[in-house]
Structures are given as structure tokens and as C-alpha cells.
Amino acid sequence: MTTATSEASGSSLGVGPVKFGDGPKTEREAALSGAGSREAAPEGGRRGSGLGWRSPHALTAVVCLALIAFGARSVDDLDLSSSDGLGYLLGLFGLAMMVLLLLYSVRKRVRWLRRAGSLRAWFEFHLVLGLLGPTIILYHSNFNLGSANATISLACVLAVSGSGFGGRFLYRRLHRSLAGERRSVNVIRRRARRTLEPLEHLLVANSTARRLLYDFEAAAIDEGSGLLRTLPAIWLRLRVRGIRRSVLGELAGQGEAELPPAQRGAVLSAYLADLSRAGELRLFEQLFALWHAIHVPLTIILFVSAAVHVVAVHLY
Ligand code: HEM
């Protein structure tokens with residue numbers, strides 16, 4: 001196969017697999033030592049990240065599910081009225097919780113509030129109240145749909161809170177911890193390039209192998225592409241074995257004294273695994289942006305409908 005100029009010099013995206021910078025010895029050695037890919041330990045791991053099942057919001061979710069299951073079965077025995085007594089107070093509490101959870105957004109944006117607690121704690125606060133508030137509102141509504149405005153308010157509450165689970169899933173994919181530290185596609189990409197360095201001189205001499213890796217990298221990290229073109233990134237891991245086998249086949253017989261096939265395999269596995277991870281991360285970034293673009297306007301609709309609901313029940 002002939003060599004395209006863009007391949008030899010990298011690529012028009014600047015992500016070509018041929019030219020790589022100096023990587024820290026430890027990473028290169030890890031790959032070369034045949035320790036295998038770093039698949040099992042993605043940047044930093046999750047221990048102590050606050051993202052596990054024993055976190056306060058996870059426990060709150062369990063409690064809320066139990067409360068909802070109980071409330072839905074015993075709604076008649078509870079005999080709550082939305083317009084007075086405990087039922088009315090629950091409406092106030094639920095709404096107050098949903099207003100308070102917005103403080104997370106304020107804490108996130110206002111620099112001088114840093115002293116008011118860690119972002120992680122505030123995000124926990126957001127999640128816990130985002131679960132408790134809607135659960136309490138369900139009790140306030142007696143697990144029933146009422147007037148049109150009450151129905152719209154309840155639907156918004158459930159839609160926002162429910163969509164929060166999708167956001168939580170994506171957040172977990174994008175962040176190393178609840179503290180808001182984001183994973184970076186560029187960091188993973190740079191690491192992938194450094195990992196491939198031991199094969200660089202062989203790749204320079206073999207345009208087919210270079211093209212295979214270049215195409216894989218372009219599929220993983222095509223910076224200008226939108227969500228639809230990024231979606232196939234979810235299948236990248238399935239292509240890793242095939243690409244690895246083809247590249248090893250292409251390089252067979254060349255420079256084996258310097259770098260035996262087993263070590264080449266380890267280098268390629270680490271490189272391709274990193275690129276797959278970077279591709280998935282890009283996809284999750286785009287999905288998260290889309291989720292944000294839906295979740296935030298839904299929140300606005302929620303509070304507008306809640307205001308209309310409160311005014312309406314006091315006027316009529
Ligand atoms: C009625 C309840 C809820 C309301 C009104 C609400 C509102 C909001 C708002 C306005 C944001 C944007 C924050 C920002 O970017 O500054 C947000 C972010 C978020 N919410 Fe909620 N939320 C609710 C419940 C939930 C629940 C139950 C979950 C998870 C189970 C959740 C998960 C998230 C996540 C993951 C983010 C993104 C955080 C970030 O990008 O920093 N939310 N929520």
C-alpha cells in the first residue's frame with residue numbers, strides 16, 4: 001500500500017500514529033514488559049471516588065425506592081390531603097428541597113464559595129435532595145394526578161429527577177470522582193502516543209501498518225465530528241483484536257531482534273485500549289452535553305410550573 005503524505009507526517013487532525021513525543025520511561029516500560037494493557041486500571045481507578053454504591057446518594061436512592069414502593073401500596077391508608085395538614089407541609093418541604101439543591105450550581109460557579117465546602121459534598125447534597133424532594137412530592141400528591149397544573153408540575157418533577165439518573169451515569173463515565181475532576185481525551189491520547197513509541201521506527205517503514213493504526217485513531221478521535229459520527233466509538237473495543245493481529249502480521253519479520261512479537265503485542269494492546277477509551281470518552285462528552293441541554297431547560301419548566309401550581313392552589 002502506498003504512503004499518503006498526511007500519514008507520514010501524522011494526519012490532518014494531528015492525531016497520526018507515526019510521530020510521537022517522549023514518554024515517561026515507566027509507561028513505556030510497563031507496556032514493553034508485557035504487563036498487558038492498562039485496561040483494568042483506567043487513570044486513577046475509582047476507589048474513594050465517591051461514586052460507589054455506598055455513597056450517601058446511593059443509599060438515599062434505595063431508601064426513596066422503598067418509600068415509593070410503600071407509599072404506592074398504602075396510599076389509601078395514609079389518608080394524606082395535598083391541601084392541608086401533613087400532606088400540604090410535604091409539598092412545601094419537597095419544593096424547598098428542590099430549590100435548595102440548586103445551590104450546587106451556585107457553588108460550582110461562584111469562586112469565592114470554595115470555602116463553603118467541597119464540590120463533592122455539594123454534588124452529594126444535590127443528588128440526595130434531588131431524590132428526596134421528588135419522593136416527598138409523590139407523597140404530597142397522594143400518588144395521584146390532580147388538576148392539570150398539578151399534573152404538569154408532577155410530570156416535570158419526575159422527568160427532571162428521572163433524567164438525573166441518566167446524567168449521573170454519564171457523569172460517572174466522564175469524571176474520576178464526584179469532586180468534578182474530569183477525564184481528558186487529550187491526556188489519554190498523549191499517553192497512547194507515548195506508548196507506541198517503541199514501534200515508531202517500524203511503523204515509519206511500513207505504510208500499511210501505519211494506515212491501520214491511523215484509521216483506528218481517526219475513528220476514535222475525530223475532533224470535528226458530531227454525535228452521530230462519534231456513536232460508533234462504542235464498538236471500537238471490538239475492533240482491537242483484529243487491528244492488533246493485522247498490524248503484527250504486517251510487522252512480522254522486521255526488527256524482531258530489537259522488539260520481539262510478544263512485546264509488540266503488549267505495546268499495541270495498550271495503545272489500542274487507550275484509544276478505545278478516548279473514543280468512548282468523546283462519545284460520553286457529547287452525550288453529557290446533550291443531556292445538560294435537556295436537563296437544565298426541564299428544570300426551568302419545573303420551577304415555572306411549580307410556581308403556577310402554588311399560585312393556582314392558593315387562588316382557587
Ligand atoms: C427535581 C430534582 C432535580 C433538579 C431540579 C435538578 C436540577 C439540576 C440542574 C439545574 C443541574 C445543572 C447544574 C449545573 O450545571 O450547574 C443539574 C445537574 C445535574 N444533576 Fe440534577 N436535578 C435534580 C435531580 C437530580 C437527580 C435525582 C440526579 C441523579 C440521580 C441528578 C443528577 C445530576 C447530574 C449528574 C448533574 C450534572 C452535574 C454537573 O455537570 O456538574 N439530578 N441538576
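## A contact between H140 and G87

The side chain of H140 reaches the backbone oxygen of G87 at 2.8 Å. A polar contact of this kind is a pair of N or O atoms within 3.5 Å; within protein, one must be able to donate a hydrogen and the other to accept it, and residues adjacent in sequence count only if both atoms are side-chain atoms. This is a predicted model, in which local features need pLDDT of at least 70 and side-chain atom pairs count only at pLDDT 80 or more, whereas totals for chains, interfaces and linings use all residues. Residues are numbered from 1 along each chain as its sequence is written, and side-chain values use heavy atoms, with hydrogens and water left out.

H140 belongs to helix α6. With a relative accessible area of 12%, H140 is buried; buried means under 20% relative accessible area, exposed over 50%, and partly exposed in between (1.4 Å probe, protein chains only). L89 counts as partly exposed because its relative accessible area is 41%.

## Overall organisation

The chain contains 13 helices and zero strands. Helices (H or I, at least four residues) and strands (E, at least two) are DSSP runs, numbered from the N terminus. Of the 316 residues in the chain, 43% are buried.

## The ligand and its surroundings

The space taken by the ligand is the largest pocket. On a 1 Å grid over the protein atoms alone, a pocket is an open set of points with protein on both sides within 12 Å along at least five of seven lines, whereas a cavity is a set of points where a 1.4 Å probe fits but cannot get out; lining residues have an atom within 4 Å of a point. A molecule sits in a cavity or pocket if more than half of its atoms lie within 2 Å of its grid points.

The ligand is surrounded by 27 residues, of which Y104, S105, K108, R109 and H126 are the closest; a residue is near a molecule if one of its heavy atoms lies within 4 Å of it. This shell divides into 15 nonpolar, nine polar and three charged residues. In this division Ala, Val, Leu, Ile, Met, Phe, Trp, Tyr, Cys and Pro count as nonpolar, Asp, Glu, Lys and Arg as charged, and the others, Gly among them, as polar. At least two residues of the shell come from each of α5 (103-109), α6 (119-140), α7 (148-174) and α13 (261-315). An N or O atom in the side chain of R109 is 2.5 Å from an oxygen atom of the ligand. For S105, a polar side-chain atom lies 2.8 Å from an oxygen atom of the ligand, and for H292 the corresponding value is 3.2 Å.

## The nonpolar core

The largest nonpolar core has 36 residues, and L196, L199 and L213 have the most contacts inside it. Such a core is a set of buried Ala, Val, Leu, Ile, Met, Phe, Trp, Tyr and Cys residues joined through side-chain atoms within 4.5 Å. Two or more residues of this core are given by each of α6, α7, α8 (185-196), α9 (200-204), α10 (207-220), α12 (236-251) and α13. The largest share, ten residues, comes from α13.

Most residues other than glycine have a negative phi. N142, which is not a glycine, has a positive phi of about 60°, and F143 likewise has a positive value, near 55°. N142 lies in the loop between α6 and α7, and F143 is found in that loop as well. N142 counts as buried because its relative accessibility is 15%; F143, at 23%, counts as partly exposed.

## Residues brought together across the chain

G167 lies in helix α7 and is buried, at 3% relative accessibility.

E285, in helix α13, is partly exposed, with a relative accessible area of 25%. Its C-alpha atom is 9.8 Å from that of S184, 101 residues apart along the chain. E250 is placed in helix α12 and counts as partly exposed at 31% relative accessibility. E250 and L212 are 38 residues apart along the chain, and their C-alpha atoms are separated by 9.9 Å.
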